[in-house]
Amino acid sequence: MSDAFPRHVLCVLGAGLDLSEIERTAAGFGGFVLDREYSEAEPDPRMPEAFEASMAAASFDEADWAAVESHDTVGYLLSAPMMRELAFDTSRRLLAVTAALLRSGATAVKNESSGIAHGRDRWLALADRAADATDETLADALVSAWVQRPLHDGQVLYSCGMHLLGAPDVEIEVGAELPTEDRLAELVAHLDTLAIYLLTDPRAEEIEDGAGFRMAEDAPRWLLRTGACDRYDEDDLFFNPYGYIRLTHAD
């Protein structure tokens, strides 16, 4: 396992937004700092394309796109590099920070450490869901907030962002052709089931390569394959030091 420690880099946009306000809001939750080197009180023309590449279309409405187009401030909020046992709680707190920022003047947010963005309403709904949640419900909210999926590399569907929760990324074999829409939704549900299992079941810490796995007691059996993260370099924000776990067909 790599010695790299993941960290959150949160990109926060606004119009007339005071960078010091981002700093003050985040300070109330502890453990997050404004990156003064890269934060600027001026627009960044790359932002519309960057948000479009971050799955924003899944939850953006016209107001969200207009907010990105009209921004004049870009702030970058950093977590500390996260030890594995602290990652889940850090991500929970950062989701609450995100909601607080959006309620105090920020207009758009994306996570540079997993390449995911949501519209304002979606961020707030996820934060509300996570606020008093525990166990599987909290894990589901955090996966939905911070983990980009499904991505396709020509052979597998995979996630990016589980390192921010202290867990391996999840994958499932599909082959070269993308599945139909209905089949894709089913496969993403399988990825999410495995992701939540990794975050909530103590047995997940003992998974060995080739272990069996079922989505439910009466569901078909899958095999779990484990491996090191080889998609990204160790200094890439997407790099997962905990590797990946891939669902493969048992037959």
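Residues are numbered from 1 along each chain as its sequence is written, and side-chain values use heavy atoms, with hydrogens and water left out. Because the model is predicted, local features need pLDDT of at least 70 and side-chain atom pairs count only at pLDDT 80 or more, whereas totals for chains, interfaces and linings use all residues.

**View 1**
Helix H4 covers residues 84-102, where helices (H or I, at least four residues) and strands (E, at least two) are DSSP runs, numbered from the N terminus. At 1.5 Å a residue, the 19 residues of H4 should span 27 Å, and the end C-alpha atoms of H4 are 28 Å apart, which agrees; the expected span of a helix is 1.5 Å times one less than its number of residues. The buried residues of H4 are Ala87, Thr90, Ser91, Leu94, Leu95, Val97, Thr98, Ala99, Leu101 and Leu102, and here buried means under 20% relative accessible area, exposed means over 50%, and partly exposed lies in between (1.4 Å probe, protein chains only).

**View 1. The crossing of helices H4 and H5.**
The axes of H4 and helix H5 (residues 120-131) come within 9 Å and cross at roughly 135°, the axes being lines fitted to C-alpha atoms, for helices over the stretch in contact, with angles that run from 0 to 180 degrees between N-to-C directions. H4 and H5 are therefore oblique to each other, since angles under 35 degrees count as roughly parallel, over 145 as roughly antiparallel, 65 to 115 as roughly perpendicular and the rest as oblique. The crossing of these two helices, H4 and H5, is left-handed, a term used if the near helix is turned anticlockwise from the far one by less than a right angle, while clockwise gives right-handed. On the H4 side, Leu95, Thr98, Ala99 and Leu102 meet Arg120, Trp123, Leu124, Leu126, Ala127 and Ala130 of H5, where contact means heavy atoms within 4.5 Å. The residues of this contact of H4 with H5 divide into 8 nonpolar, 1 polar and 1 charged; Ala, Val, Leu, Ile, Met, Phe, Trp, Tyr, Cys and Pro count as nonpolar, Asp, Glu, Lys and Arg as charged, and the others, Gly among them, as polar.

**View 2. The crossing of helices H4 and H6.**
The axes of H4 and helix H6 (residues 135-146) come within 10 Å and cross at roughly 65°, and H4 and H6 are therefore roughly perpendicular to each other. H4 passes H6 in a left-handed crossing. In H4, the residues Phe88, Ser91, Arg92, Leu94, Leu95 and Thr98 meet Leu138, Ala139, Leu142, Ala145 and Trp146 in H6, and the residues of this contact of H4 with H6 comprise 8 nonpolar, 2 polar and 1 charged.

**View 3. Helix H6 and its contact with H5.**
H6 has 12 residues and reaches 17 Å from its first C-alpha to its last, close to the 16 Å expected at 1.5 Å a residue. Buried in H6 are Leu138, Ala139, Ala141, Leu142, Val143, Ser144, Ala145 and Trp146. The axes of H5 and H6 come within 9 Å and cross at roughly 160°, which makes H5 roughly antiparallel to H6. The crossing of H5 and H6 is left-handed. From H5, Arg122, Trp123, Leu126, Arg129 and Ala130 meet Thr137, Leu138, Asp140, Ala141, Ser144, Ala145 and Trp146 of H6, and the residues of the contact of H5 with H6 divide into 7 nonpolar, 2 polar and 3 charged.

Aspartate 135 is found in helix H6 and has a positive phi of about 50° although it is not a glycine; at 53% relative accessibility, aspartate 135 counts as exposed. Methionine 55 is found in the loop between helix H2 (47-52) and helix H3 (62-69), its phi is near 60°, and at 28% relative accessibility methionine 55 counts as partly exposed.

**View 4. Strand S6 and the loop between S6 and S7.**
Proline 150 is found in strand S6, and the peptide bond from arginine 149 to proline 150 is cis, with omega near -5°. Aspartate 153 is found in the loop between strand S6 (148-152) and strand S7 (156-160), and at 41% relative accessibility it counts as partly exposed. Leaving aside its neighbours within four places in sequence, aspartate 153 is in contact with Tyr158 and Arg231.
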